[in-house]
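Morning, everyone. Please bring up the model on your screens, and I will walk you through a few parts of it.

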Amino acid sequence: MASPFLRSKSPVHTVLFAAVAAAAILLLLAGFREMQTPLVSDPQSILSSSVIAAPANGLVVDPQLPSTLGTSAPAAAPAAAIADAAAPLAAPAPGQAAGQSPVPAVDAVFLIPLTSTHFNFCRSLYTALMNDYPKPTLINWGQTFKNGAQARVNKIIGIDNVLNKLREDQYAIIMDGFDVWYQLPYKDFVNHYLDYTRENDHSVVVFGADKKCWPNDLKSPACVNIPNSTLPDDIFGAHTDDANFITDPATKYIYHRPRWLNSGNMFGPVKVLRQVYERANYLITHAPPDMVFSDQMYIAEVYGQQNLPMTVDFTSELFQTMTFSHNDLMFVDDDVLASPRKPPSERRRYAFNRVSGALPPVLHFNGPKQAMDAWWPKMWWSTERSNPAVIAKSEEVFKTGGAFDTDGNFIPWGEICKGIDVHKPSGYISPR
Ligand SMILES: *[C@@H]1O[C@H](CO)[C@@H](O)[C@H](O)[C@H]1NC(C)=O
C-alpha cells in the first residue's frame, strides 16, 4: 500500500514526506548500526529518554520525544518509507497552496458524548476549534447517571438517539472528549477520510485502530474474526505481532500492528452509524450488568460480526491511538526542507507516524495520560504562541468558541471552560 502521504494534496505534507523519507534513510542506517541495542521497555523512558541527534539534513527531531529510532525493531518501517520515496511525490493541485484548499463538501456533524466539563476537554475543544472544526454537539451534557455502567449504556443510547435525528445523507464524527487532540485543519481530516475510503465510495465508517484487543475476550469474534492489518507483517522487524517477545505488560504490544477497533474515534455515514449503534444499543441493554464495564466492547462486537461496512484506520491516516504507540511517532517541523526556514514562531510541529508514513489529523491519548502533559507544550498551538495569527485565532476561540447541547442550545467557551487556562499545566484552574 502506498504511503498515505502520497495521496495527500497539501504541499506541506509533500514536503514533510520528503523530509521524513530522507530521515528514514539515515534512521535505517542507524538501525543496522545498533542492531544490538536493547528495546525500550519502560514507558517513562519512552517519554523522557534521549535520543537521536538532529541528522545532517536539518530534520528536527525533538530530543524529548520518544524515540527508539536506531533500535532494531523499527528499522523495517523506514524501509517501507524508502520504497515509497522512490515513487513520484504528489504534486499540489494548481492554485492550492498550503492552508488554502477549501473544506470538502461533506456535511458532517461533530458529536462528543460528555456529561460535564473537564480541563482535558477544554484542551481538546481548543485544539478542534483552533483547527476550524465545527462546534461539537455534546451528548448527555448535564446529565448524571447513577453509576459507570449506566453512564456507558446511556452513552450508546444517547449517540443512537442523535443519529436517528440526523439525515441519512449526512456524516458523523464521534469522538471521546477527554483525551483527543486535533493537530491538522478540519479540511485535512475530511480529505484524509475521503482518501482512505475512496475504494469504498465513502460508504464505510472508519474507527481508530488499537494494537491490543480490549476489553473483549481474546477469543471472541471482535478480537479474531476481523481483517488483518494492511501494513507489512514485518513492519516492526522479525517480532512484529509476536505477543511472546515482550513480557512487560506496559510495553507488550509496542511491536504489534494496530488492528482492533477503538470506539473513541470514528467518522462515517450516518446511515451506517445508525445500524452500528442500533445493534450496539441492543447488545449493551441486553447484557448482564456486570458485563457493562465498557461501551467499546459492544461496538467491537458489532465489528466482529463483519456484516456492516466498518473498518479501522490501520495506518493512522485519520486517527492516531496512543496506547503502545508513542514510540511510533516523531515530531517533524513543517519547514524542514524550506530555505530559508521559517522563523521558529511560525513553524508548525506535527506528530508524524514514522512507521506507517501518515500524518494523523487526530491524536487520541487512550491509555497512559503522561504524554498529554509532556506533549502539549510541543504542539504548534503552544510553540507558536507568539505568532500573531495564532494569537488572533486563540482570541477568536475564547470569544466565539463553544459547543451545543442536543437541544441546539449554544454553550459558550466562557461557560464550559470558565476559569480554565488550557496553556497552564494540567489540572490548573484559576482560583477565581
Ligand atoms: C490474518 O493473518 C493470519 C496469519 O497470516 C492468517 O492465518 C489469517 O487467515 C488472516 N486473516 C484474515 C481475515 O485474512
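Cysteine 122 is buried, and cysteine 417 is buried too. This is a predicted model, so keep that in mind throughout. These two cysteines are joined by a disulfide, with the sulfurs 2.1 Å apart. Where do cysteine 122 and cysteine 417 lie? Cysteine 122 is in helix H4, residues 119-130. Cysteine 417 is in the segment after helix H13, which covers 413-416. The pair therefore ties together parts that are 295 residues apart in sequence. Now the handedness. The angle about the S-S bond is -105°, and the link of cysteine 122 and cysteine 417 is left-handed.

How many disulfides does the structure hold? Two. The other one to look at joins cysteine 213 to cysteine 223, S to S 2.0 Å. This link is left-handed as well, with -80° about the S-S bond. Cysteine 213 sits in the loop between E5 and helix H7, and cysteine 223 sits in helix H7 itself, residues 221-224. So this pair ties together parts that are 10 residues apart in sequence.

Are these two cysteines buried or exposed? The cut-off for buried is under 20% relative accessible area. Cysteine 213 has 7% relative accessibility, so it counts as buried. Cysteine 223 has 5%, so it counts as buried as well. Count the bonded cysteines along the chain, and the pattern is 1-4, 2-3.

Next, helix H8. It runs over residues 270-285, which makes 16 residues. From its first C-alpha to its last it reaches 21 Å, close to the expected 22 Å. Which residues of H8 are buried? Among them are Val270, Leu273, Val276, Tyr277 and Ile284. The list also includes Arg274 and Asn281. What do the buried residues of H8 pack against? Two helices, H5 (148-165) and H9 (296-305), are among the partners. The strands are E3 (171-175), E5 (205-210), E6 (260-269) and E7 (310-312).

Last stop, leucine 308. Find it in the loop between H9 and E7. Its relative accessible area is 11%, so leucine 308 is buried. What does leucine 308 touch, leaving aside its neighbours within four places in sequence? Its contacts are Gln275, Val276, Arg279 and Val302. Val276 is also one of the buried residues of H8. Now compare leucine 308 with leucine 273. They are 35 residues apart along the chain, and their C-alpha atoms are separated by 9.3 Å.

That is the tour. Thank you.

How values were computed:
Residues are numbered from 1 along each chain as its sequence is written. This is a predicted model: local features need pLDDT of at least 70, side-chain atom pairs count only at pLDDT 80 or more; totals for chains, interfaces and linings use all residues. Side-chain values use heavy atoms; hydrogens and water are left out. Helices (H or I, at least four residues) and strands (E, at least two) are DSSP runs, numbered from the N terminus. The expected span of a helix is 1.5 Å times one less than its number of residues. Buried means under 20% relative accessible area, exposed over 50%, partly exposed in between (1.4 Å probe, protein chains only). Contact means heavy atoms within 4.5 Å. A disulfide is a pair of cysteine sulfur atoms within 2.5 Å.
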